[in-house]
Amino acid sequence: MRDVYVVGAAQSDFGAFPDESYRSLFKTAFDGAVDAVDGEFERDRIDEAYVGTLGVGGRQLGLSGPAVTEHVGLDGTSCTRVENACAASGVALRQAVLAVRAGVADVALAGGVEVMTDMSGEQTRYWLGVSGETEWERMAGTTFSGVYAQMASAHMAEFGTTREQLSHVAVKNHGNGAKNPHAHLRFECSLEDAVAGPSVADPLNLYDCCPTSDGASAVIVASREAAEDLTDRPVRITGTGQASGRVGLFQRPTLTGIPATEQAARQAYDEADCGPEDIEFAEVHDCFSIAELLAYEDLGFCEKGEAGAYVERRATFPDGERPVNLSGGLKSKGHPIGATGTGQVVEVFKQLRGEAGDRQVDGLSRGLTHNVGGSGGSVVVHVYEGGWA
């Protein structure tokens, strides 16, 4: 099996951009990824492209992958659109990795794009809802925040997780995102502010919920032979894992965990020949504060039921034992659904190369990304190390 390296990665700004289109956002991300390649890079070296998008708003549901790759000059390149809800571009990256490993491609592109801020609130809720279970959840009136509120309530009841512990996630991620020039919500918040936010779906309040955003991200991966021509500072993808879970929350054996995360993580750890104790930092899917706490436990960063105490003692803050969401996460950096997964890779790429600016944590050598579709119907996990094998 061939080794796979990230040789370029970038994102557009995440936020609300009425003057941009899904094509222009993707071009910004792609051009940035090409510029991030150390060596001379001709875009016709890309053999395969995978583009993640849900197609929010229905603006280009068909052929949305080729619609953006043609715009960046890849109209002759094989392109596949990937739809796995919020995990779309994380899965696109996995497809690119598998293509390089299999020898189908020497260089492959993975990316994602979404435009979400040009609709009414009712339309946005519809497009978020289509990624949930339709018959017994969405059509019965359950919203996405309502689904995660049920998970938060269950975690609080079973393990004693507190309102303040949920808010520590918002405080940490807004503190990180305030240092990220590409983040949607670049402001810090106090614990008092986060606790007192207006209710969205009890027990979750405004500070527990990520924004919906416009944005794009792109990652270029290569085989060892190709990467040696393109970079002196490679980031190796040492493990990849993906699992599907029950789409409906009511169909699962537990409300206090996402089984697909545990399965995907086991695959990724086995491939990388490491365990959760070896992960030095991570970008995890924090669409809601409770989602980040569940990720700590499902990825093995702490024991079941201890995630609230884990964040409360600052273990995942930048100066903690395992920083999480140094980019600001979905909570502060933003959540353009199709772009989120490869957007996480951009932060890992920068941190491992020492290029993360004011939010850089020195000395990091192994990181992880965790990207969730829906409330856990699809999960993909990747492990990364700096340097050559």
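Keep in mind that the model is predicted.

Let's start with helix H3, which covers residues 88-102. From the first C-alpha to the last, the 15 residues of H3 reach 21 Å, close to the 21 Å expected at 1.5 Å a residue. Is H3 mostly covered or mostly open? It's mostly covered, with twelve of its 15 residues buried.

Next up is a helix pair. Two packed helices can be described by the angle between their axes and the distance between those axes. Helix H6 (residues 163-177) packs with helix H10 (residues 289-298) at an angle of about 95°, and their axes are 8 Å apart. Angles of 65 to 115 degrees count as roughly perpendicular, so that's how H6 and H10 sit relative to each other. Which residues make the contact? From H6 come Leu166, Val169, Lys172 and Asn173, while H10 brings Ser289, Ile290, Glu292, Leu293 and Tyr296. Sorted by class, that contact has five nonpolar, two polar and two charged residues.

Finally, a bit of annotation. An unreviewed UniProt entry lists residues 241-385 as "domain: Thiolase C-terminal". In the model, the end C-alpha atoms of residues 241-385 lie 16 Å apart, and the span is 34% helix and 16% strand.

Conventions. Residues are numbered from 1 along each chain as its sequence is written. This is a predicted model: local features need pLDDT of at least 70, side-chain atom pairs count only at pLDDT 80 or more; totals for chains, interfaces and linings use all residues. Side-chain values use heavy atoms; hydrogens and water are left out. Axes are lines fitted to C-alpha atoms, for helices over the stretch in contact, and angles run from 0 to 180 degrees between N-to-C directions. Helices (H or I, at least four residues) and strands (E, at least two) are DSSP runs, numbered from the N terminus. Angles under 35 degrees count as roughly parallel, over 145 as roughly antiparallel, 65 to 115 as roughly perpendicular and the rest as oblique. Contact means heavy atoms within 4.5 Å. Ala, Val, Leu, Ile, Met, Phe, Trp, Tyr, Cys and Pro count as nonpolar, Asp, Glu, Lys and Arg as charged, and the others, Gly among them, as polar. UniProt positions are given in the numbering used here, feature names are shortened, and annotations may be inferred rather than shown by experiment. The expected span of a helix is 1.5 Å times one less than its number of residues. Buried means under 20% relative accessible area, exposed over 50%, partly exposed in between (1.4 Å probe, protein chains only).
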